[in-house]
Amino acid sequence: MKIIIPMAGKGSRLFPHTLNTPKSLISIAGKTILKRLLESLSKIIQVFSIQEIIFILKNFENEIVEKQLIKLSYEMNIHPVIYYQIKPLGTADALLKAKNSLTGEPVLIAFSDSLFYHNFFDKEITTHQVDNIIWTKKVKNPHLFGIVKHDSSGIITHFIEKPNNYISNLAIVGLYYFKNSFFLKKELQFLLDHNIKNEQEEYQLTSVLESMRKKGEKFIIKQIKEWMDFGNQKGIIYSNSKILSIESKNSELIHKKVIIKNSLIINPCSIEENTNIENSIIGPYVSIGKFTKIKNSKIKKSIIQNYTIIQHANLNHSIIGNHSIYIGEKERKVNLSDYSVFK
């Protein structure tokens with residue numbers, strides 16, 4: 001089995017934070033989203049002795065990003081392979097860039113803006129009765145997602161991308177298993193050869209799945225226990241809060257090399273090494289990166305990246321990027337990209 005992680009999306013819903021950093025490399029409570037994703041799949045990697053992980057990147061990703069991916073792969077004892085999507089033409093087009101690696105073996109596709117707390121991936125793959133699995137989660141706003149309908153036995157009867165009318169509340173969470181990657185490659189190629197695009201003029205994986213289903217491929221649904229979506233700013237703030245709630249029960253999230261002077265920390269919070277906090281109230285639900293300096297501030301439900309300076313701030317539902325400076329007094333929601341200054 002191989003793992004494919006598409007990372008070539010524009011990340012436009014997370015601008016300006018994705019101008020310099022792919023969203024999967026944004027740090028949440030001390031770990032990048034990508035590292036957390038791979039850790040959630042670690043049991044699959046071990047059980048199936050996965051040797052290869054495939055990343056699909058935008059054509060302009062820099063060497064620093066590639067080095068991070070390679071380093072993380074080898075930490076997981078997996079060989080990395082990198083392909084590029086020159087133009088952002090949708091998920092199906094991105095996946096077809098890896099066609100040289102789709103030679104018939106099973107593949108697990110995991111989109112990099114989702115995280116999972118789920119303990120049964122390996123058992124679900126080994127015990128299911130059909131060749132393909134789509135993992136799903138019930139949502140309140142299905143019109144924002146690709147969704148599925150299924151029969152009483154769990155076999156999917158329809159794939160629909162962001163339906164205008166209510167059809168089902170089972171959203172596709174961005175995790176897919178295909179027993180035969182050759183069939184997947186064949187259908188991806190069919191979509192592009194016949195120029196089958198959605199309203200946004202993109203080739204979408206949901207269209208591929210529906211075409212495969214109509215041609216006789218069977219897909220079964222499995223439901224995720226916990227799913228966190230990092231596709232937009234609201235989602236990343238909410239998911240940060242959920243991660244902090246879960247992990248604070250079993251781990252100490254404030255590094256020993258943190259200096260806290262005349263300040264109140266309202267847990268759950270994560271504070272990384274060599275961060276200095278003075279005359280401030282932090283929390284709840286705040287993740288702060290390393291080598292950050294915060295003074296005379298109030299921060300709650302926010303994400304602060306590495307090497308930042310924050311003074312006289314009153315932040316709520318905010319994201320402050322790496323190597324940034326923020327100085328302000330009014331309570332506000334702020335989205336500040338890497339290497340930015342706001343005074």
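Analyst: Happy to! Let's begin with a domain: its bounds come from an automatic or database domain assignment. For this chain, the assignment gives domain 1 (2-231) and domain 2 (253-336). Please keep in mind that this is a predicted model, where local features need pLDDT of at least 70, side-chain atom pairs count only at pLDDT 80 or more, and totals for chains, interfaces and linings use all residues. Residues are numbered from 1 along each chain as its sequence is written, and side-chain values use heavy atoms, with hydrogens and water left out.

User: What makes domain 1 and domain 2 count as being in contact?

Analyst: Contact means heavy atoms within 4.5 Å. Eight residues of domain 1 meet that criterion with nine residues of domain 2. The centres of the two domains, taken over C-alpha atoms, are 33 Å apart.

User: Why is the second largest pocket said to lie between the domains?

Analyst: A pocket is an open set of points on a 1 Å grid over the protein atoms alone, where a 1.4 Å probe fits, with protein on both sides within 12 Å along at least five of seven lines; lining residues have an atom within 4 Å of a point. Domain 1 and domain 2 both give residues to this lining, so the pocket lies between them. Its volume, the space filled by probe spheres set on grid points joined across faces, edges and corners, is about 860 Å³. Of the 31 lining residues, the closest to the centre are Leu25, Thr32, Gln68, Lys290 and Asn306.

User: Which element gives the most to that lining?

Analyst: H3 does, with six residues. Helices (H or I, at least four residues) and strands (E, at least two) are DSSP runs, numbered from the N terminus. Helix H3 (63-75) and strand S3 (31-32) are the elements that give two or more residues.

User: How do you know that S20 and S23 pair?

Analyst: Two strands pair if DSSP finds at least two bridges between them. Strand S20 (residues 293-295) and strand S23 (residues 309-311) have three bridges in the parallel sense, so they qualify. Lysine 293 has isoleucine 309 in S23 as its bridge partner. Both strands belong to an open, parallel sheet ordered S14-S17-S20-S23-S26-S29.

User: What makes S16 and S28 edge strands?

Analyst: Five strands form an open parallel sheet in the order S16-S19-S22-S25-S28. Strand S16 (269-271) and strand S28 (335-336) each have a single partner strand, so one side of each is left without a neighbour in the sheet.
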